[in-house]
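Please read the following note with the model open beside it.

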Amino acid sequence: MNKEKQKYIIPVVLFLTVLVILLVLGGPSAKGRFYLDSEGYFRSLPYFQERSLTWEKVRDVVWKNPYPGSKRILPNLSFIVQNHLAGFTAASGRYVNLALHSLNIVLVFVLLRNILLLIGRREDHSTKGAAVGALLWGFNPFVTESVFYVIQRMTLLSATFYLAAVLCYLQVRSADGIKRWLWSAVLALTYTASVLSKENGVLILLGIMCLEIVLPSAEKTEGKVPAKKLVMIAGLFIGLSLVFALILGYNPVSVVRDIFSPGQAREFTMGQRVLTQGRVLVHYLSLLFFPSPGRLSFLMKYKLSTSLVSPPATILAWAAIIGIIAMAFRQRRRWPLISLAVLWFFSNHLLESSVLMLEMAFAHRNYLPAVLVFLPVGDWVAAKRLKERAGAACWLVVVVALILFGTGLNQRARVWGNPEIFWEDAVRKSPGSLRGYINLGILYDRKGNEGKALSIYREGEKNAFEEKPGFWSDLYCNIGIALMEQGRYRESEPYMDRALEITINEDYLYSMAKLQRYLGNTKKGLTALSPSHESALPSGCGKPGCSPGGSHY
């Protein structure tokens, strides 16, 4: 087989092989249901109530901003097409995500192979090293948490176009004439597609900067970075970020205001979030290199860092991060792949792990930052010869690691495939988060086991810490409902009052009115349902019980 054919056949064979393995290992997740954002999103939007695919529906997805707070057009289009072709269930959503993840593994393989070739590795070495790095990433149980979380199709799609854009840039970097312009046009298209899948796509230019800092080029002298090129890329990053922010409906002034004055939207300040992110990032890295299923959880809860020394792990984490980044930059010539992996990881966390007032932590935020983490490992193993004892031992370790990763992936798929086990797992591993208790309690409440639901809610009331006010409202409302269903009306009333003191919500008012009817307080019940409350009524969640994030559960 000539090299040109091999260049295309290897990725195709890799895709088909990986797809089959992922469908087998990840298949148990299809037995589960939607969770959290996915639940509320797919049940609340009219696009998924029936399976027709019309131009009007496509137009609405593109222009009427169906995803709350952002325009993630391409994932939404993929959802309505999938709904039309196969019906939108948790199973079909996960199968599509597994196929998309298989494609991303191939793109990672191609990217890693190109990087190894650019630093002077032989072709066979580059192929083997890229395969090891891509597979260690693709089968990593921590990485595949993003794949099972159906709504994170947006993360997967954004990564697809991000990786394609970086590959286009490598072509632009080496091409000239008309080819350079053609590759530049494709780069612009894939960049735009990545941003239209998820806002993280704007970080493509930072990824390109990382490559320019580390990879050799005829345009720079030994030991120096191409300062002019980096300044130009940085300028493009800032300019295009602002342009896309406006296109996607973000008001930069409002974003800045929300960072410094988040109100009750979050349980932490911007300063506390930044301080805590140091510990979060270190924890992310530990989970990438040691992704034992026993350490993985959908919910990730951390005590807030209120200063650099409270808790002491805060200053240690940030010192380690700053030291690692400084070392990566200084040693980029000596250890280019380690330096590139470090710079890539932290630069691609810049949007979701810095000052923006997002949730503190989620596994899916590591999907793209982790892409190059195992490249140094692949390069090191590829240099080992199987005929030598040490080399054979290294390759055996890789095979064992992949088997363990696959086993862990399958174990996590089984957790995702059973709602009760899923939320019990979340409660056990993140006992400080109310989300797990509320959603697990609702499961038992809907099964008619109000006593079990109540005990779970009480446990959450005891163990949870540093939560959003709205979550406490949901908990108090659910405790009130559980007590009411047991006929303990007087005990229920204080909890319903506490819920309404924090948040006026349609479901809370409905439950309060129902309770007052049981208590014989008709006037108070009518007051709860009076039109004066209508302006404060969001869509709310289903009965029985209220779950964090409206109907998300």
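1. E466 lies in the loop between helix 20 (450-463) and helix 21; helices here are DSSP runs of H or I with at least four residues, numbered from the N terminus. The phi angle of E466 is near 45 degrees, a positive value in a residue other than glycine. Most residues other than glycine have a negative phi, and most peptide bonds are trans. The model is a predicted one, in which local features need pLDDT of at least 70 and side-chain atom pairs count only at pLDDT 80 or more, while totals for chains, interfaces and linings use all residues. Residues are numbered from 1 along each chain as its sequence is written, and side-chain values use heavy atoms, with hydrogens and water left out.

2. P311 belongs to the loop between helix 13 (270-289) and helix 14 (313-330).

3. How do helix 19 and helix 21 pack, and at what angle? Helix 19 (residues 434-446) packs against helix 21 at an angle of about 25 degrees, and their axes are 10 Å apart. Axes are lines fitted to C-alpha atoms, for helices over the stretch in contact, and angles run from 0 to 180 degrees between N-to-C directions. Helix 19 and helix 21 are therefore roughly parallel to each other; angles under 35 degrees count as roughly parallel, over 145 as roughly antiparallel, 65 to 115 as roughly perpendicular and the rest as oblique. Helix 19 passes helix 21 in a left-handed crossing, a term used if the near helix is turned anticlockwise from the far one by less than a right angle. To the contact (heavy atoms within 4.5 Å), helix 19 gives L434, R435, I438, I442 and D445, and helix 21 gives F471, W472, D474, L475, N478, I481 and E485. The contact of helix 19 with helix 21 has seven nonpolar, one polar and four charged residues. For these classes, Ala, Val, Leu, Ile, Met, Phe, Trp, Tyr, Cys and Pro count as nonpolar, Asp, Glu, Lys and Arg as charged, and the others, Gly among them, as polar.

4. Helix 21 (residues 469-485) also packs with helix 23 (residues 506-519), at an angle of about 30 degrees and with axes 11 Å apart. These two, helix 21 and helix 23, are therefore roughly parallel to each other. On the side of helix 21 the contact is made by G470, S473, D474, C477, I481 and M484, and on the side of helix 23 by Y508, S511, K514, L515 and Y518. The residues of this contact of helix 21 with helix 23 comprise six nonpolar, three polar and two charged.

5. Helix 23 has a further partner in helix 22 (residues 489-502): their axes come within 10 Å and cross at roughly 155 degrees. Helix 22 and helix 23 are therefore roughly antiparallel to each other. Helix 22 passes helix 23 in a left-handed crossing. Among the residues that meet are M496 and L500 in helix 22 and L515 and Y518 in helix 23. The contact of helix 22 with helix 23 divides into ten nonpolar, three polar and three charged residues.

6. How many cavities of 30 Å³ or more does a search of the whole structure find? The search finds three. On a 1 Å grid over the protein atoms alone, a cavity is a set of points where a 1.4 Å probe fits but cannot get out, and a pocket is an open set with protein on both sides within 12 Å along at least five of seven lines; lining residues have an atom within 4 Å of a point. The largest cavity has a volume of about 210 Å³, a volume being the space filled by probe spheres set on the points, with grid points joined across faces, edges and corners. Its lining has 17 residues, of which E267, M300, K301, E359 and R435 are the closest to its centre. This lining of the largest cavity divides into nine nonpolar, one polar and seven charged residues.

7. The second largest pocket holds about 710 Å³ of space. Among the 21 residues of its lining, K7, Y8, V110, R113 and N114 are the closest to its centre. Helix 1 gives the largest share of this lining, seven residues.
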